[in-house]
Amino acid sequence: MNDATIQENNYMVNDLAAKARQEFFPGKLVASQQEGSDFVFRCDNGAQLRLEVISDKILRFRYATETGFAPDFSYAFPSGVPARTAPEFLEFRERPDHFRITTDRLICTVAKDGLKTRVLDRSGNTLLQDEKGFHWEYDYDSGNDIVKMSKGVQGGVCYYGLGDKPDNMNLRGKRFTNWGSDTYGYVKGTDPLYKNIPFYLELQQRIAHGVFFDNTFKASFDFAAERADVTSFWAQGGEMNYYFIYGPSLLEVTQEYTRLTSPPELPPLWALGYHQCKWSYFPESNVKEIAQGFRDRQIPCDALYLDIDYMDGYRCFTWSPTHFPEPKRMVQELAEDGFKTIVIIDPGIKIDPNYRVFTEGLEKDYFCRRADGPLMKGSVWPGLCNFPDYTRPDVREWWAGLFKELVEDIGVKGVWNDMNEPAVFEKGTFPDDVRFGYDGHPASHRKAHNIYGMQMARATNEGVKRFAYPNRPFTITRSTYAGGQRFSSAWTGDNIASWEHLWLANIQCQRLSISGFSFVGSDIGGFIDTPDAELYVRWVALGAFHPFFRTHSSGDHGDQEPWSFGEPAAELAKRFIELRYQLLPYMYTTFWQYATQGTPMLRPLTFLDQTDTETYLRMAEFGLGDHLLVCPITQAGADGRWMYLPRGDWFYYWTDEARAGGAEVWAAAGLDRIPLFVRAGAVIPFYPVQQYVGEKVIEEVTLHVYFKAGQESSVLYDDGGEGYGYQSGQQTTRRFTVTGTEKGLLLQQTIEGDYQPSFARYRVVVHGLPFAATAYSTDGQPTDVQDVTLESGLTLPAISISATFTELVVG
C-alpha cells in the first residue's frame with residue numbers, strides 16, 4: 001500500500017470520526033405537498049418532515065434524514081399505526097417564510113428554513129416551539145443516527161409523567177433515560193427503572209399539552225436541566241417521531257394519550273381485591289397455612305402468589321415435585337376457599353435437553369440469536385438460558401399455547417411476568433447485537449430492548465385470556481412500553497421497607513397513572529428489608545387506594561403477612577383491607593371510566609385544579625376517580641398531617657367535618673386512619689365486606705350521599721365483574737345527580753343498560769345535611785328512615801329504597 005493510499009484511508013476514517021461528532025440540521029425547503037391530512041416538507045439536504053393531523057387535537061411529527069422514512073410501525077398501537085379521526089376543520093396556507101396548518105383546535109407553523117415548528121392554540125397562545133428543533137448526528141459505532149429535538153421553555157412551566165420515575169412529581173430541572181433496567185433496591189432519583197413510557201405532560205400558563213416520543217431506542221429527556229430555557233429529547237437510533245397532544249386540561253391530555261395507545265379491557269372484579277405474595281410461599285403446607293391465616297382472622301384476600309420456587313429447578317411451566325406434588329388439587333382446594341392462584345413466569349428458558357419447553361423452542365427456532373447466528377445465552381434463575389423472541393407472531397402464539405396446562409387444566413387464575421426488562425445476571429441485559437423479528441421489521445436489541453417486556457406480557461396475556469375463557473384474564477408485568485396497559489397490570493419493582501419508599505410508592509403510582517398505565521401498585525411494606533408495624537399499616541392504608549393492591553416481600557427478610565406485626569397491627573390492616581372491599585364498586589366504576597374514556601384512576605393534585613398554582617408542586621395528595629381525595633402519611637410517629645384541599649367543598653371521611661378547599665387543612669389521622677376526603681355532592685357506593693369477591697350474593701348496595709349546596713353528578717357501573725357479557729350489552733350504568741339547597745336535598749337516578757344485578761335495594765346514608773330533615777320521600781311516596789352507625793363510628797340517617805328508584809327527596 002503506497003503513502004497516498006494510506007493518507008486517503010486515514011482521511012476517510014478521520015472524516016467519519018468528525019462526522020460522528022457533527023450535528024446536522026434540515027436545510028432549506030425545496031418541496032412541500034399535502035396528502036389528505038398529511039403534509040410533507042423536503043429540504044435540499046434530504047431531510048424531510050411528515051406532519052400528520054391525527055385528530056383536531058393531535059399532531060404527529062416524523063422527521064427523516066437523508067436515508068428517508070422507515071416503514072411505519074409501532075408497538076404502541078394495537079394495529080401498529082395510530083388510529084386517526086378526520087379533522088373537523090383543516091386549512092393549509094403558504095406564507096413568505098413558513099407554512100401554516102390550522103385545525104379546529106390548533107395552529108402549526110413550519111419554517112421554510114430548517115423546518116422549525118411552532119404549535120399554538122386557536123387563541124394564539126404558543127404551546128410548543130422549536131429551539132434548535134430537529135437535528136441529528138451520525139453514530140459511528142452503531143451506524144444509527146442519534147436523533148434529537150430541542151424545544152424552548154416558557155416561564156412557569158411544569159412537566160409531569162414519564163412513567164415510573166422515582167422523583168418529584170414535577171420533572172422540571174431533571175434529566176431521565178428510558179432503558180428498562182432491573183434496579184433492585186432503587187432509591188429516590190435512581191434512573192433508569194423498569195418501565196419505558198416516553199410520554200410527558202407540560203403545563204404552562206394554565207394550558208396543558210403532552211408529547212409522546214414514540215421511539216424504542218435508548219431515549220433521554222432533559223427538562224430544562226442543562227439549559228434552563230431548553231427542554232430536549234433524543235434517542236440513540238430510529239426516527240425523530242413524536243406526537244403533540246393538546247388538552248387544554250391535564251386530564252384531557254392523559255385521556256387523549258391513553259385512547260391513542262388504547263386503554264385496557266376490564267379486569268375481573270377479584271383482581272381489584274387484596275393480593276398476598278412472597279418470595280416464596282412453599283411447600284404446599286406453607287401456602288395452605290397462609291390461606292388459613294387469612295380466613296381464620298377474617299382478613300379479606302382474593303389472590304395468593306407462587307414465586308419461582310414453585311417450579312422444578314426454576315423451569316417455567318413446571319411444578320416442583322417435592323414442594324407441590326399435586327398442584328391441580330391444591331389450586332382447586334384454594335379456589336374452594338375463595339383464593340385465586342397466581343404464578344410467576346420469567347422469560348429465561350433453561351438450556352436442558354430433557355425440558356420440553358426448551359426443546360420445542362430450540363426445534364422451532366423461537367429463541368433470540370446473536371448477529372452472527374449463535375443463540376443468545378444468559379444466566380438467570382435457572383442457570384444458563386435461552387430467551388424467546390416475543391416480537392415474532394409465531395413465537396407469541398407458541399408462548400400463549402404453553403399456558404394451557406397452567407390455566408385450563410390446573411386452574412391458575414393469573415400470571416406474573418418478572419425479569420422481562422430483559423434482565424441477565426452480571427450483564428444487565430442482552431448484548432446490542434441480538435437480533436429480533438420485530439413483526440416483520442428486523443431489528444437489533446438496541447431497538448427491541450425497551451419493548452421486550454411489553455411483548456412478553458402481550459404473549460402471556462393472549463395465553464391466559466385464551467385458556468381462562470369465558471372468564472377474564474389477569475396478568476402483571478415488571479417492564480413495559482407505551483401502550484403496555486393493554487396487556488397487563490404492573491407494580492413498581494423491588495422497593496425497600498422504608499418511609500422514603502412509601503413516599504415513592506405514592507408518587508410512582510400517580511405518575512404511571514397519568515402516563516396511561518393506571519392498573520398499578522407497589523410492593524406493600526417493601527420487598528427488601530422488613531418494615532415495622534407502623535410502616536406496614538401506613539403502607540396498607542395507601543395501598544387500599546391503589547388499583548393494584550398487593551403485599552410482596554423477599555422471604556429472607558422475614559414474614560410480611562398482616563398478622564406478622566402483632567394482632568393490633570393485623571386488626572388495623574384488616575380494617576383498611578375491609579374498606580377496600582367496601583369501595584370495590586367505586587374502584588370498578590373508576591376502572592370502567594379508565595377503560596372507556598382513558599381517564600387516569602389516580603390523579604395528582606394538579607389534575608384536580610390546574611388553574612390553582614398552589615397545586616403545581618404538591619405531590620402527596622391525589623384523587624382516586626371523580627370524588628375521593630387521599631393523602632398518605634409518610635412519616636413515623638405522625639398523628640395526622642397538613643395537606644392541601646383543592647377548591648370546592650369537601651367532607652372528611654372519618655368525621656363528616658365539612659371543609660372548604662383552596663386551603664391547607666389539618667387532617668387528624670392516627671394509625672387507624674388515612675387522610676381521606678369526599679367531594680361534596682358525591683354518591684359513593686359501598687358493598688358489604690366480603691372475605692373474597694363472590695363470597696356473598698350482593699343483595700343491597702349502600703349509597704353514601706354527601707350534601708352539596710348546588711349540583712354534582714356521580715356514576716355506578718356494573719356488569720357482574722366477570723366474563724364478556726358487557727361487550728354485548730350486559731351492563732348497567734347508573735347515573736346519580738345530587739341537588740342541594742338550604743332546606744332540601746334531591747337525589748335523582750337514571751339507569752342505562754339491560755344488566756340485572758344481584759342487588760334489588762339501596763341503603764342510602766345521607767351525610768352533611770345543613771338542616772334538620774323532617775320528611776323523606778321516594779318517587780312521591782313517604783319513606784321511613786332510621787339511624788345507622790357506620791364503621792367509622794358516625795351515626796347518620798339511612799333510608800332503604802328500591803334500586804330502581806328515580807327520585808329521593810329529603811326535606
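Helix H12 (584-597), strand E41 (683-686) and strand E43 (710-718) each supply at least two lining residues to the largest cavity. Helices (H or I, at least four residues) and strands (E, at least two) are DSSP runs, numbered from the N terminus. The model is predicted: local features need pLDDT of at least 70, side-chain atom pairs count only at pLDDT 80 or more, and totals for chains, interfaces and linings use all residues. Residues are numbered from 1 along each chain as its sequence is written, and side-chain values use heavy atoms, with hydrogens and water left out.

The largest cavity has a volume of about 60 Å³. The structure holds 5 cavities of 30 Å³ or more. On a 1 Å grid over the protein atoms alone, a cavity is a set of points where a 1.4 Å probe fits but cannot get out; a pocket is an open set with protein on both sides within 12 Å along at least five of seven lines; lining residues have an atom within 4 Å of a point. Grid points are joined across faces, edges and corners, and a volume is the space filled by probe spheres set on the points. H12 gives the largest share of the lining of the largest cavity, 4 residues. The lining is formed by Tyr586, Thr589, Thr590, Gln593, Asp626, His627, Val683, Pro685, Ser714 and Val715. By class, this lining has 4 nonpolar, 5 polar and 1 charged residues. Ala, Val, Leu, Ile, Met, Phe, Trp, Tyr, Cys and Pro count as nonpolar, Asp, Glu, Lys and Arg as charged, and the others, Gly among them, as polar.

H12 also packs against helix H11 (residues 567-582): the two axes come within 5 Å and cross at roughly 55°. H11 is therefore oblique to H12. Arg580, Tyr581 and Gln582 of H11 make the contact with Leu584, Pro585 and Met587 of H12. The residues in this contact are 4 nonpolar, 1 polar and 1 charged. Axes are lines fitted to C-alpha atoms, for helices over the stretch in contact, and angles run from 0 to 180 degrees between N-to-C directions. Angles under 35 degrees count as roughly parallel, over 145 as roughly antiparallel, 65 to 115 as roughly perpendicular and the rest as oblique. Contact means heavy atoms within 4.5 Å.

Helix H9 (residues 499-514) and helix H10 (residues 533-543) pack at about 5°, with axes 10 Å apart. They are therefore roughly parallel to each other. Trp499, His501, Leu502, Ala505 and Asn506 of H9 meet Glu534, Leu535, Arg538, Trp539 and Leu542 of H10. This contact has 6 nonpolar, 2 polar and 2 charged residues.

Helix H6 (residues 393-401) packs on helix H8 (residues 445-468) at an angle of about 45°, with the axes 8 Å apart. H6 and H8 are therefore oblique to each other. Among the residues in contact are Arg396 and Trp399 in H6, and Met456 and Phe467 in H8. The contact of H6 with H8 divides into 5 nonpolar, 4 polar and 5 charged residues.

The largest pocket has a volume of about 750 Å³. Its lining has 36 residues, of which Ala70, Phe217, Gly238, Glu239 and Lys447 lie nearest the centre. Strand E5 (58-64), strand E11 (145-152), strand E27 (443-444) and H8 each give two or more residues to this lining. E5 gives the most, with 4 residues. By class, the pocket lining has 13 nonpolar, 14 polar and 9 charged residues.
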